[in-house]
Amino acid sequence: MEQTLSIIKPDAVKKGVIGKIIDRFESNGLRIAAMKKIQLDDEKAGGFYAEHKERPFFGELVSFMTSGPVVVMVLEGEDAIMKNRNLMGATNPKEAEAGTIRADFAESIDANAVHGSDSAQSAEREIKYFFSENEVL
Ligand code: GDP
């Protein structure tokens, strides 16, 4: 069993598609092991995306991620990291395959509906960044 961190970003929360996105996970064998709705501030969002600090879009990314509440989750299942990435689709929704979350619910490369850990190493860091051990059940 593998675990991965998923975030439903502010655009998708505002649109009211939390339930539809969670349904994609549960219908595809991913169990919700932890979940909370939170408002990120600059420090928490900036720390989460620290690896992108030098990128030209870092400021935009932090300001988007703090523009409204997000839902953070730990998804658990066989091959959870890859499975979640496949369900999400490409970073740019215009390039995302039909039927993926980003193709169906996202508008642009910054407002792209969801985040998912991209490796076992980042999953471990990202889960710890948002959840204590006794919140992952
Ligand atoms: P992901 O793993 O598919 O989320 O993509 P990355 O880790 O490469 O980028 C993190 C997030 O930064 C993406 O989900 C986008 O929201 C945002 N992002 C990536 N590239 C760009 C860009 O060129 N412009 C803007 N505004 N945002 C970007």
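Residues are numbered from 1 along each chain as its sequence is written, and side-chain values use heavy atoms, with hydrogens and water left out. In this predicted model, local features need pLDDT of at least 70 and side-chain atom pairs count only at pLDDT 80 or more, while totals for chains, interfaces and linings use all residues.

Begin by selecting the ligand together with the residues around it, namely Lys9, Tyr49, His52, Phe57, Glu60, Leu61, Arg85, Thr91, Arg102, Ile109, Asp110 and Asn112, where a residue counts if one of its heavy atoms lies within 4 Å. Sorted by class, this shell has four nonpolar, three polar and five charged residues; Ala, Val, Leu, Ile, Met, Phe, Trp, Tyr, Cys and Pro count as nonpolar, Asp, Glu, Lys and Arg as charged, and the others, Gly among them, as polar.

Next, show the side chains of His52, Thr91 and Asn112. An oxygen atom of the ligand is 3.1 Å from an N or O atom in the side chain of His52, and for the side chain of Thr91 the corresponding distance is 2.6 Å. For the side chain of Asn112 this distance is 2.9 Å. The protein covers 81% of the 550 Å² of accessible area that the ligand has on its own, by the Shrake-Rupley method with a 1.4 Å probe.

About 470 Å³ of space lies in the largest pocket, a volume filled by probe spheres set on the grid points. A pocket here is an open set of points on a 1 Å grid over the protein atoms alone, where a 1.4 Å probe fits, with protein on both sides within 12 Å along at least five of seven lines, and lining residues have an atom within 4 Å of a point. The lining consists of 22 residues, of which Tyr49, His52, Phe57, Leu61 and Thr91 lie nearest the centre of the pocket.

Finally, turn to the backbone at Asp79, which has a positive phi near 55° although this residue is not a glycine. Ala113, likewise not a glycine, has a positive phi of about 75°.

Technical notes
A polar contact is a pair of N or O atoms within 3.5 Å; within protein, one must be able to donate a hydrogen and the other to accept it, and residues adjacent in sequence count only if both atoms are side-chain atoms.
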